[in-house]
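Here is a briefing on one predicted model.

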Amino acid sequence: MRILIIGGTGAAGSRIAAEAQWRGHAITIASRTTGMRVDASDTEAVAAAAARMDVVIAATRPALGREADVVAVTAGLTTGTARAGARLLVVGGASPLRVPGTGRTALEDPRWVPPTIRSIAAASTRQLEILQAAGRESAWTYLAPAADFAPAADFPAGADRAPGLGQGSYRLHLGRDGSVPDLVIAADGTSRISMEDFALAVLDEVEGPRMLRGVIAVGA
C-alpha cells in the first residue's frame, strides 16, 4: 500500500515507518523539516501530499508550550486527507480513554496522567474531539496507546524478550458505536505499550481495518 507518514521522523513515527517498510509498503515520510516537507496545519498542503496515497498516518505531537497547535494541525489533517480521499490514522494519546470502573477519563486520573504532563495530554483529548466533529467524508481512526508509551528500551527486559525489543504482541479495546474504550491495563496493574509493539498495531490496522471513525486503545 502507499502510505504517507506525517511525523515519520519522531520517536513513534520512525518505528511505524520501519514496520511499514519491513512489511513491504511504499512509504513516504513527511515532516516540517525533513523528507517531504508538509505543514500539517495547512489543508491544501496535506491534500497535495496525500494525493494518490491509500493511507495517511499522523504521528505528530505539539511542542511543550504549544499545545494549542493541535487544533489547526488536526483540522488540517482531517480536511486535507478527506479531500484527497485517503484514510487517516492518528497516533493519539491515552488521555481520552476511560479508566475501568471509575467513570473518569485517564486525563482526570493522576495515576495515569500526572500533573506534570497534563497540558500535553489534554491536547490528545482535544485532538479526538476535533476528529469526532468531522463529517462522514473523513475516514479517520484514532489509535490511543497505553498510559506508559515509550521505546522498548525504556522498559525492563523480560524473560521472553531481549532489551530494546518489543514483545511482538499487543491487546486492543475497540470503541463500539461511537464510544471511547477503556484504557488497556494489565493484570499487574500497569498500563504500558512499547512504541515497537504499538507500530505493529498501527500496521495491522492499515492492512486489516477494524475501526472507522472511532477509537482503538492499544496496550500490552
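**Largest pocket**

The largest pocket holds about 1000 Å³ of space. The model is predicted: local features need pLDDT of at least 70, side-chain atom pairs count only at pLDDT 80 or more, and totals for chains, interfaces and linings use all residues. Residues are numbered from 1 along each chain as its sequence is written, and side-chain values use heavy atoms, with hydrogens and water left out.

- A pocket is an open set of points on a 1 Å grid over the protein atoms alone, where a 1.4 Å probe fits, with protein on both sides within 12 Å along at least five of seven lines. Lining residues have an atom within 4 Å of a point. Volume is the space filled by probe spheres set on the points, which are joined across faces, edges and corners.
- The largest pocket is lined by 42 residues. Closest to its centre are Ala 59, Thr 60, Arg 61, Pro 62 and Ile 120.
- Helix H1 (11–22), H3, H4 and S7 each supply at least two lining residues. H4 gives the most, with five. Helices (H or I, at least four residues) and strands (E, at least two) are DSSP runs, numbered from the N terminus.
- By class, the lining has 23 nonpolar, 13 polar and six charged residues. Ala, Val, Leu, Ile, Met, Phe, Trp, Tyr, Cys and Pro count as nonpolar; Asp, Glu, Lys and Arg as charged; the others, Gly among them, as polar.

**Helix H3**

- H3 (residues 69–84) has 16 residues. From first C-alpha to last, H3 reaches 22 Å, close to the 22 Å expected at 1.5 Å a residue. The expected span is 1.5 Å times one less than the number of residues.
- Buried residues of H3 are Val 70, Val 73, Thr 74, Gly 76, Leu 77, Thr 78, Gly 80 and Thr 81. Buried means under 20% relative accessible area, exposed over 50%, and partly exposed in between (1.4 Å probe, protein chains only).
- These buried residues pack against strand S1 (2–6), helix H2 (43–50), strand S4 (55–58), strand S5 (87–91) and helix H4 (118–133). Contact means heavy atoms within 4.5 Å.

- The structure holds one aromatic pair. The ring centres of Phe 149 and Phe 198 are 5.0 Å apart and the planes stand at 65 degrees, so the pair is edge-to-face. Rings of Phe, Tyr and Trp (its six-membered ring) pair if their centres lie within 6.5 Å; planes under 30 degrees apart count as stacked, over 60 as edge-to-face and the rest as tilted.
- The pair links distant parts of the chain, 49 residues apart: Phe 149 in strand S7 (residues 148–150) and Phe 198 in helix H5 (residues 195–207).
- Phe 149 is partly exposed at 22% relative accessible area. Phe 198 is buried at 0%.
- Leu 203 also sits in helix H5. Leu 203 is buried, at 0% relative accessibility.
- Leu 203 touches Ile 3, Ile 16, Glu 19, Ala 20, Arg 23 and His 25, not counting residues up to four places away in sequence.
- Leu 203 and Ala 17 are 186 residues apart in sequence, yet 9.4 Å apart in space, C-alpha to C-alpha.

- Most residues other than glycine have a negative phi.
- Arg 52 has a positive phi, near 70 degrees. Arg 52 lies in the loop between H2 and S4 and is exposed, at 64% relative accessibility.
- Arg 213 has a positive phi, near 55 degrees. Arg 213 is in the loop between H5 and strand S10 (214–219) and is partly exposed, at 23%.
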